[in-house]
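Here is a friendly walk through the structure shown below. Keep the sequence at hand while you read.

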Amino acid sequence: MQANTSPELSAKGSNAAAIVSVQGVSMVFPNGTVALKDANLEIAQGEFISLIGPSGCGKTTLLRLLADLIQPSSGTIRIGGKSPEEARKARAYGYVFQAPTLMEWRNVLSNVMLPLEVMNFPVQERRARAERMLALVGLEKFARHYPWQLSGGMQQRVSIARALAFDPQLLFMDEPFGALDEITRENLNLELLRLWRETGKTIIFVTHSIPEAVFLSTRIVVMTPRPGKIETVIPVDLPQPRTFETRETTRFFELATAVREALRKGHGYEVTE
Amino acid sequence: MRISPNLVPMLVVALVVLALYWPLMYLANIPVAQRALDTGAALPCQTAFECATQLRSPVLPSPQQLWNGFGNLMFPLNSPNAIPINAAVTAFETVVGLLLAAVVGFFFAIGMVASRAFERALLPWIVASQTVPIIAIAPMLVVLLGQYGVQGWLPKAIIAAYIAFFPITIGVAKGLKSPDPMALDLMKTYNASHWQTYLKLRFPASVPYLFTAFKVAMTAALIGAIVAEISTISFQGIGKMLAENSRASDVVAMWVIMLSSAVLGILLVALVNWLERLLTPWRRTSGGAAIPAKQARLSRREGVG
């Protein structure tokens, strides 16, 4: 079932240092929908993993399972050796949602400080950390603005800064750029890669854009619906650091084609929703 | 200064109402004036048209009579029989009632959000409490409270609270439930406690709903306070003035007091509006054009698109 085609990465994935380990995980909702069937996945420290597939393939379900926002019907998940619940309670991951979900009554700086307040960071440390995170996403000049004064892309950058504020090792991102226009999205893709290199986080990124997945990832997990399952895992060997030109290389097109064919093989292309 | 943009349209409406009222007033009063002339009453006027604006007990008072009545009832400002002090007493009862209602409303709203069972058990009774005519329940409440030595303005405030807590309960419950499921998930990823989720998310999210509820509740509370004053023994308040002048059949005074209580209502709601602007500075200024303009200015200054 598990089709990890890279010997190097599968070796990495099977060792004990895997930061995320998913074994035989299924998710059946109370209405009988099989959202995820027998998923297996090992993710090593520092990887950038994309989960791609059409609506209903279980990619968001898988991410929510990892985050302990829902609990699996069967199977085992380990996050840094802990159960998802323990990992959540240990604040092991930051989560970026489809929408920025900023608190409209808080300004940008105060939004980034929210997790630090909830987690009882020392008062003096909160501001310094939040300012550092805003600088990281290039929004230090907007610290005093309210969310409605920012564009959608800027709001999503604030929510990324917020997810990184308490320095989790893992970053879960659920179609964070899905609502943005293509140009903004490509810019943010570049910026996200820079962030990933600078912080050394492990990122698990849900998307339904093939170019986005190929551009960002070290490995792409292709998922198909009815029932939601992992079709295959495609390693991406595009050199780092990736630039705007990366998208114009032959290898980029080959990989995009490979993803597209994997989706078609699992009937991921004929979904009407 | 903030009110000035509203003032012109408000005055236009007042003028239109006045223009419609004037002929209506003649229509209503001329038959009465004619009858008075026919009975040979000593009137300082000859024709029914002329007398229509000068009747002692008009069906509808003329604007001139209202103006004079207003002058009589407003001054002296510190007189216990003039409108200012009585309006202040009623306003005080209304505001205290609203604050009491806010406490009770929050209590019920939190209960309703925290527990479906609580909501199902109590909501029908809360609705039922609002269908009892306030004019019927007010004297009984006053008698009951009087048993325990609660007298004066407090029973009126409690009756005001009795009608005001309903819109506040419903509004705050809606506000507490308003956060997006994603925002609730976000708090869960932080492993936030229930209390933290209320403090950092649910309470702030409910503030705009609270102010909307306050505006509805404020007008309800004002009516509650006035009705309570009318239907119980009162020594001060708009309701007491209405009751007195009703007994004296002073139609003009009744109208003046009614219009004054309307103005009081406008002022009290304006107070809520003012507090809302003060306490929710993050909310976008009304008027759609302000936002793109601000955003454009911002983008130019910071060089982003």
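## Around Val112 of chain A

Leaving aside residues up to four places away in sequence, A:Val112 touches A:Ala130, A:Met133, A:Leu134, A:Val158, A:Ala161, A:Arg162 and A:Ala165. Touching, or being in contact, means that the C-beta atoms of two residues, placed from the backbone, lie within 7 Å. This is a predicted model, in which local features need pLDDT of at least 70, side-chain atom pairs count only at pLDDT 80 or more, and totals for chains, interfaces and linings use all residues. Residues are numbered from 1 along each chain as its sequence is written, while chains are lettered from A and ligands numbered from 1 in the order in which they are written.

A residue counts as buried if 20 or more other C-beta atoms lie within 10 Å of its own, as exposed if 12 or fewer do, and as partly exposed in between, with C-beta atoms placed from the backbone. Helices (H or I, at least four residues) and strands (E, at least two) are DSSP runs, numbered from the N terminus.

## Helix α5 of chain A

Which residues of α5(A) are buried? They are A:Arg126, A:Arg129, A:Ala130, A:Met133 and A:Leu134. They cover an arc of only 135 degrees around the axis, so they sit on the same side of α5(A); the arc is that of the directions from the helix axis to the C-beta atoms. Among the elements that cover these buried residues of α5(A) are α4 (108–118) and α6 (152–164) of chain A. Turned away from the buried side, the other face of α5(A) carries the exposed residues A:Gln124, A:Glu125 and A:Ala128.

The length of this helix checks out too. At 1.5 Å a residue, the 14 residues of helix α5 (residues 123–136) of chain A should span 20 Å, and the end C-alpha atoms are 21 Å apart, which agrees. The expected span is 1.5 Å times one less than the number of residues in the helix. After α5(A) comes A:Gly138, with a positive phi near 75 degrees.

## The domains

Chain A is assigned domain 1 (7–92 + 171–265) and domain 2 (104–167), with bounds from an automatic or database domain assignment. Taken over C-alpha atoms, the centres of domain 1 of chain A and domain 2 of chain A are separated by 25 Å. Their contact takes 10 residues from domain 1 of chain A and eight residues from domain 2 of chain A. On the domain 1 side, helix α7 (residues 182–199) of chain A gives the most, with four residues. That side of domain 1 of chain A has seven nonpolar, two polar and one charged residues. In this classification, Ala, Val, Leu, Ile, Met, Phe, Trp, Tyr, Cys and Pro are nonpolar, Asp, Glu, Lys and Arg are charged, and the others, Gly among them, are polar.

For chain B, the assignment gives domain 1 (4–60) and domain 2 (83–283). The C-alpha centres of these two domains of chain B lie 37 Å apart.

## Where the chains meet

The contact takes 19 residues from chain B and 21 residues from chain A. On the chain B side, α8 (181–189), α9 (194–231) and α12 (290–302) each supply at least two residues, and α8(B) gives the most, with six residues. By class, the side of chain B that touches chain A has eight nonpolar, four polar and seven charged residues.

In α8(B), the buried residues are B:Ala183, B:Leu186, B:Met187 and B:Thr189. They cover an arc of only 160 degrees around the axis, which puts them on the same side of α8(B). Their cover includes α3 (84–89) and β5 of chain A together with α9 of chain B. B:Asn191 follows α8(B) and has a positive phi, near 55 degrees.

## Gly94 of chain A

A:Gly94 is found in strand β5 (residues 93–96) of chain A. A:Gly94 counts as buried because 26 C-beta neighbours lie inside 10 Å. Not counting residues up to four places away in sequence, A:Gly94 touches A:Ala163, A:Leu164, A:Pro168 and A:Leu171.
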